[in-house]
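Q: I have a structure to go through and I'm new to it. Can we take it piece by piece?

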Amino acid sequence: MVDFRLSQNDTEILEQVRREGLAVRKHARYFDEHEEELPPEKFPEADAFPGVSERVNRRPAGDTPPATFQMLLGMARQWGDTLPLRQPPLALGNAALQAAGTPEQKQRWGATALSMAITEPGCGSDSKAIKTTARLDGEHWVINGEKIFVTTGIRAQGVVVWATVDAQRGRAGIKSFVVLKGTPGFEVTRKEKKLGIRASDTAALSFIDCRVPRDHLLGGDETVPRQGSGGFRGVMKTFNMTRPAVGAIGVGKARASLDFAEEALAGEGVAVDWERGRRARSTIEAKLVQMEADAEAASLTVLRAGWLADAGEENNVEASIAKAKGGEVSRTVPQGCIELLGAMGASREHLLEKWLRDGRITDIYEGTGQIQRLIIARAIFGYSSEELG
Amino acid sequence: MPQNARHRDVVYSARVISFALSDSQKVARDTVREFARRELRDRARPCDEESRCPDELLEKSWALGLAAACIPEAYGGGGVEGGHTTSAIVLEELGYGCASLGAAVAAPMLFVRPLVDFGTEEQKRDYLPLFTGDRYHAATLALHEPRFTFDPCALETTAERRGANRVLRGEKRLVPMGARASHFLVLARGERGPGLANLEAFILPRDAPGLRVHDEGDTTIGFQAMSWGRLTLDGVEAPPAWKLGGDSGIDGRRLIASLRVGGAALAVGLSRAVLDACVPYAKERVAFGQAIAKKQAIAFMIADMRIEVDAMRWLVWKAASELEERGDATRAAAIAQDYVGRKAMKIADDGIQVFGGHGFIRDFPLELWFRNARLLTVHEGPAAV
């Protein structure tokens with residue numbers, strides 16, 4: 001049955017996550033202004049909120065299915081702030097490990113925080129153009145190249161790095177390798193300074209004749225097929241769940257901004273009258289209704305992508321729709337809220353301006369909004385990436 | 001109902017976020033989709049050109065049982081409880097075939113749904129059986145008034161007391177299927193003043209003294225296939241039996257929400273029609289030696305249509321399911337109306353752009369859908385869920 005309500009238990013869990021978010025907001029400005037510092041593993045307030053994750057793990061089977069609920073959790077967490085009350089123990093590389101690793105690899109590195117290194121100075125969205133190489137030398141892979149924009153590259157204990165084993169073969173030649181910190185030839189060369197999400201560290205990495213054992217190739221398949229994309233498609237599958245999750249980040253930012261703006265305006269006697277017809281609204285009301293609608297629309301596309309995954313159905317297009325909509329509202333809604341609140345809305349007394357800066361990356365990382373539209377359009381037309389690039 | 005359908009309904013009866021259609025909803029969707037493909041698509045152009053909706057089409061549509069479904073079994077109907085989401089799903093399919101003819105087919109719901117939701121026992125007994133027979137029966141709802149600043153919260157049609165009766169005065173415009181309706185549900189400003197919660201509704205037979213149904217209906221940029229009625233209420237004296245809901249009246253917030261969602265549902269279908277027309281055209285049409293679908297400027301427009309049709313549909317479903325759960329759907333309906341209104345117009349507009357000159361000539365449906373979208377997204381109640 002089509003239903004958008006939540007069980008009491010799920011409602012309570014999300015409410016607790018939002019309360020945690022409120023608690024972390026008081027630290028948010030400090031780590032925005034002290035980018036050089038890494039936030040602690042957990043803030044003292046975390047002790048006042050025991051066991052959300054245990055409660056999530058103990059949810060009864062009849063409640064909202066797990067992938068859909070992960071989307072709701074993501075929105076609720078981001079509603080608080082980008083800064084987490086507890087640092088998550090794992091990172092994006094761990095998602096790749098789970099999606100593409102052998103059972104033995106999952107066992108070995110399952111508890112090791114792994115970042116993911118794809119982007120290079122010369123390529124971003126066009127990940128098949130990477131220049132980093134991996135060459136088999138006896139029982140070792142020798143990796144050479146430079147990686148940038150590696151999220152949690154400072155904090156993580158290792159990295160899943162994308163490299164080509166055969167540059168002539170394009171996507172089919174691209175493999176990913178686990179490289180742990182301390183491996184000779186692997187260095188963190190830089191910590192980026194950014195517009196927003198400053199509490200999340202972003203690193204540049206360098207690999208110079210970096211040797212890793214042969215079994216560090218993720219998935220273990222050394223063959224380079226003549227046709228098709230080889231392991232590339234498998235690795236890209238990682239993103240079918242992470243794209244809607246990033247969409248959820250955008251929705252959380254939009255929701256937080258709207259709640260702030262609506263509370264601020266209500267304090268000065270301005271509120272939306274939901275009954276009135278579209279032409280009877282004031283300019284401020286019309287803008288608020290529009291942003292509420294945009295945020296809700298994005299939220300539902302994110303839930304839809306999660307729900308399809310729960311139902312065991314293909315969600316490649318819907319994952320991109322969720323990412324595109326979440327990315328869009330992460331830009332338009334915080335911008336629009338400041339537009340409504342005027343110069344005081346842009347003040348650093350409040351977190352709204354920070355949420356605008358934090359949110360701005362949402363339409364860029366994990367595939368820009370334009371890449372999402374390419375993915376959707378290729379699916380609609382039945383085109384390959386060569387036919388529509 | 002098949003065994004497994006019942007089982008599935010039980011599984012999903014817990015409160016979970018779900019986009020799953022029940023088996024009966026899938027049947028309703030597929031049946032109406034087929035009807036829209038077979039009966040509405042080819043008629044859309046000639047009916048628009050000739051400003052008419054053929055009786056034989058309305059009669060054929062009656063077999064779908066759209067209006068009868070939500071009428072309780074005690075009055076001879078299908079007895080489907082709620083069913084707002086199903087209505088939204090069905091309206092999308094009708095809008096996909098042709099929003100204008102689809103609205104004509106669905107118009108009796110504008111009268112039936114409020115009767116089912118708010119009618120007194122006596123009113124249900126008197127009027128609902130009109131819609132459970134074998135023939136299409138036209139009745140409708142009169143909401144719009146002739147003002148550029150029209151707002152359902154501030155109607156100018158009044159219903160003053162005269163003894164036990166009420167006297168209606170005002171003008172109603174753009175009344176769906178007004179030309180042949182046997183009854184009009186006329187909305188008037190409540191005694192307690194403006195606001196949706198104060199709205200009152202009166203069941204007026206077409207021949208009520210003081211009610212003038214103009215021979216010349218309204219004509220607009222689009223929706224030519226459906227007749228739009230104009231009413232003048234010049235002191236129509238309504239006995240208490242005509243006041244919908246009797247002393248308890250109606251829940252005007254729910255009624256207007258149902259209309260806003262209904263119009264939005266039609267517009268989702270219209271938008272999906274534009275998308276589905278643009279895809280093959282963009283793959284076939286060659287410019288500068290290449291299908292225009294291979295150019296990002298065109299591909300992105302069509303990707304955006306795909307994105308927004310999804311987003312629009314989920315907003316409509318959410319508002320409809322809130323109506324179904326008897327919650328306050330006012331906000332959800334306003335959101336669906338606002339969002340769908342903006343996006344449907346953009347999609348219809350972009351559809352013409354994808355087709356270029358072919359979008360502008362009347363050999364292709366794009367210009368028709370564009371005109372229909374323009375009216376559909378500013379009318380407050382062309383359909384009800």
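Q: What do the side chains of K325(A) and E308(B) do?
A: They meet in a salt bridge, with 2.7 Å from N to O. A salt bridge here is a side-chain nitrogen of Lys or Arg within 4 Å of a carboxyl oxygen of Asp or Glu. K325(A) lies in helix 9 of chain A and E308(B) in helix 9 (residues 296–324) of chain B, so the pair joins two chains. Helices are DSSP runs of H or I with at least four residues, numbered from the N terminus.

Q: Is K325(A) buried or exposed?
A: K325(A) is buried, at a relative accessible area of 1%. E308(B) is buried too, at 7%. Buried means under 20% relative accessible area, exposed over 50% and partly exposed in between, using a 1.4 Å probe and protein chains only.

Q: Before I go on, what kind of model is this?
A: It is a predicted model, where local features need pLDDT of at least 70 and side-chain atom pairs count only at pLDDT 80 or more, while totals for chains, interfaces and linings use all residues. Residues are numbered from 1 along each chain as its sequence is written, chains are lettered from A and ligands numbered from 1 in the order in which they are written, and side-chain values use heavy atoms, with hydrogens and water left out.

Q: Back to the two chains. How many salt bridges are there between chain A and chain B?
A: The count is 9. One salt bridge between the chains pairs R342(B) with D294(A), whose closest N and O atoms are 3.0 Å apart.

Q: Which helices of chain A supply residues to that side?
A: Helix 3 (66–80), helix 8 (283–310), helix 9 (316–341) and helix 11 (369–381) of chain A each give at least two residues to the side that touches chain B. Helix 8 of chain A has the largest share, 12 residues.

Q: And how many residues are in contact?
A: 51 residues of chain A are in contact with 57 residues of chain B, contact meaning heavy atoms within 4.5 Å.

Q: Where is A377(A) found?
A: A377(A) is in helix 11 of chain A and is buried, with a relative accessible area of 0%. Leaving aside neighbours within four places in sequence, A377(A) is in contact with L388(A), A299(B) and A303(B).

Q: What about D3(A), where is its place?
A: D3(A) sits in the segment before helix 1 (8–33) of chain A. D3(A) is buried, at 1% relative accessible area. Not counting residues up to four places away in sequence, D3(A) touches V16(B), I17(B) and S18(B).

Q: Now inside chain A: what does E292(A) form a salt bridge with?
A: With R255(A), the closest N and O atoms being 2.9 Å apart. The pair links distant parts of the chain, with E292(A) in helix 8 and R255(A) in helix 7 (residues 239–267) of chain A, 37 residues apart. E292(A) is buried at 2% relative accessibility, whereas R255(A) is partly exposed at 24%.

Q: Last one, chain B. Which residues in helix 3 are buried?
A: In helix 3 (residues 55–62) of chain B, L57(B), L58(B), S61(B) and W62(B) are buried. Seen down the axis of that helix, they fall within an arc of 145 degrees, so they line one face of the helix. The arc is that of the directions from the helix axis to the C-beta atoms. The buried residues of helix 3 of chain B pack against helix 2 (23–49), helix 4 (66–69) and helix 5 (84–106) of chain B.
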